[in-house]
Amino acid sequence: PGVAHFHTVRLNQPAGKYYTTDFLRQLCDIWDLRGSGLTNMHGATGDIVLLGTTTPQLEEIFWEATHNLNNDLGGSGSNLRTPAACLGESRCEYACYDTQACSYNLTMEYQDELHRPAFPYKFKFKFDGCPNGCVAAMARSDFSVVGTWKDSIKIDQEAVAAYVAGEFKPNAGAHSGKDWGAFDIEAEVINRCPSAAMKWEGGKLAIDRSECVRCMHCINTMPRALPIGDERGASILCGAKAPILDGAQMSSLVVPFVEAKDDFDEIKEVVENIWDWWMEEGKNRERLGETMRRLSLQKLLEVVGQEPSAHNVQEPRHNPYIFFKEEEVPGGWDRDITEYRKRHQR
């Protein structure tokens, strides 16, 4: 009888998960009085999760949370779930846009979508300030906004030399408790670059901007030597999810760069175009990533108004997401094979 009711309450966490001790004390007082006292800070999505209460207390908790704490409920069900953001520019030198402002702005903009389920299934926003991904946006959200930059990583050659000479500890001293031996820039930085964009020649470090994929490894290893670029903004990726119905999926790049400033209208336009399509085409309990997989990334790019790019394909014919239409092919499907052979001799 003591657990005949055991409702869970989700509250919208603040952007970046910043709290005052006063707020936390009031929250605990409410839950000691009206709930089990068990909390989860935070759920996998990010919500403040209050575990276990009875039905008569639900309206009381809602009133106290919204009126006394000035705190909204979190998303639950087939709707927009509570957006989550990393610390962003408030603490992190790598943040390429204001993740907290973006999270707050979109939370306020889409209150109806948070509280009135109208989607085929749940939809998650996550905002990472840089590719380090402290809220794992690219792995866990239907709509990821990940900070990036257009220009080159800046290089402080004197600081690079200091790392090589052992004056600065790599990884900001994170592994200083173990003796890994002398820092080897070739082994620990150059050879670990996934796109082979770096060279170490004549005591100088060089980075090929056109090959750099912003993986952050070199920056994390030598933070005092390699600041991020100055032309900052964000990339939009879509389709990540956990393995509930159709296996785990990672995000696919949809919009390579937006400035992510002011009212974030460029991001909202992409969001609303996707929602219009997904609500029309998505099946019941089908996440956006599964709709993309069923109807193709190409269709999503058309919906968003984004031109397909070679960057959307990992390797030829491996992921056949992009298909040409007849009007896009010179001569269409009925072009003269004889003329073609004249231009393409075997």
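A: Let's start with Val3, which sits in the segment before β1 (8-11). Helices (H or I, at least four residues) and strands (E, at least two) are DSSP runs, numbered from the N terminus. Before we go on: this is a predicted model, where local features need pLDDT of at least 70 and side-chain atom pairs count only at pLDDT 80 or more, while totals for chains, interfaces and linings use all residues. Residues are numbered from 1 along each chain as its sequence is written, and side-chain values use heavy atoms, with hydrogens and water left out.

Q: Is Val3 buried or exposed?
A: Buried means under 20% relative accessible area, exposed over 50%, and partly exposed in between (1.4 Å probe, protein chains only). Val3 comes out at 61%, so it counts as exposed.

Q: Which residues make a nonpolar surface patch with Val3?
A: A patch is built from residues with over 30% relative accessible area and no salt bridge; like charges are joined within 9 Å, and nonpolar side chains (Val, Leu, Ile, Met, Phe, Trp, Tyr) within 5 Å. The areas come from Shrake-Rupley with a 1.4 Å probe, and for residues only the protein chains shown count as cover. Here Val3 teams up with Phe6 and Leu38 in a patch of about 310 Å².

Q: And which residues form the negative surface patch?
A: For charge, Asp and Glu count as negative and Lys and Arg as positive, with His and the chain ends not counted. Each charge is placed at NZ of Lys, CZ of Arg, CG of Asp or CD of Glu. The members are Glu231, Glu259, Asp262, Asp263, Asp265, Glu266, Glu269, Glu272 and Asp276. Take Asp276: it belongs to helix α9 (residues 265-281), and its 53% relative accessibility is why it counts as exposed.

Q: Let's zoom out. How many helices and strands does the protein chain have?
A: Twelve helices and ten strands. The C-alpha trace spans about 80 × 65 × 40 Å along its principal axes, and 42% of the 346 residues count as buried.

Q: What does the domain assignment give?
A: Bounds like these come from an automatic or database assignment. You get domain 1 (1-74), domain 2 (75-148 + 233-345) and domain 3 (157-221). The C-alpha centres of domain 1 and domain 3 are 45 Å apart.

Q: How many salt bridges does a search of the whole structure find?
A: The test is a side-chain nitrogen of Lys or Arg within 4 Å of a carboxyl oxygen of Asp or Glu. The search turns up ten. One of them pairs Asp142 with Arg287, with the closest N and O atoms 2.9 Å apart. That pair links distant parts of the chain, 145 residues apart: Asp142 is in the loop between α5 (137-140) and β6 (143-149), and Arg287 in the loop between α9 and α10 (288-295). Asp142 is buried at 0% relative accessibility, and Arg287 is buried at 4%.

Q: Where do Glu290 and Lys241 lie?
A: Their side chains meet in a salt bridge at 3.0 Å, N to O. Glu290 is in helix α10 and Lys241 in the loop between β9 (232-238) and β10, so the pair ties together parts 49 residues apart in sequence. Glu290 counts as buried at 8%, and Lys241 counts as buried at 2%.

Q: What separates Lys299 and Glu302 in helix α11?
A: About one helical turn, because they are three residues apart in that helix. Their salt bridge has an N to O distance of 3.9 Å. Lys299 is partly exposed at 34%, and Glu302 is partly exposed at 37%. Elsewhere, salt bridges with shared partners join Lys154, Asp230 and Arg232 into one network.

Q: What about the backbone: which residues does a cis peptide bond join?
A: Met41 and His42, with omega about 20°. His42 is in the loop between β2 (38-41) and β3 (48-51).

Q: Where does Ala260 lie, with its positive phi?
A: In the loop between β10 (252-258) and α9. Its phi is about 55° although Ala260 is not a glycine, and at 9% relative accessibility Ala260 counts as buried. Asn171 also has a positive phi, near 55°. You'll find Asn171 in the loop between α6 (157-164) and α7 (185-188), partly exposed at 23%.
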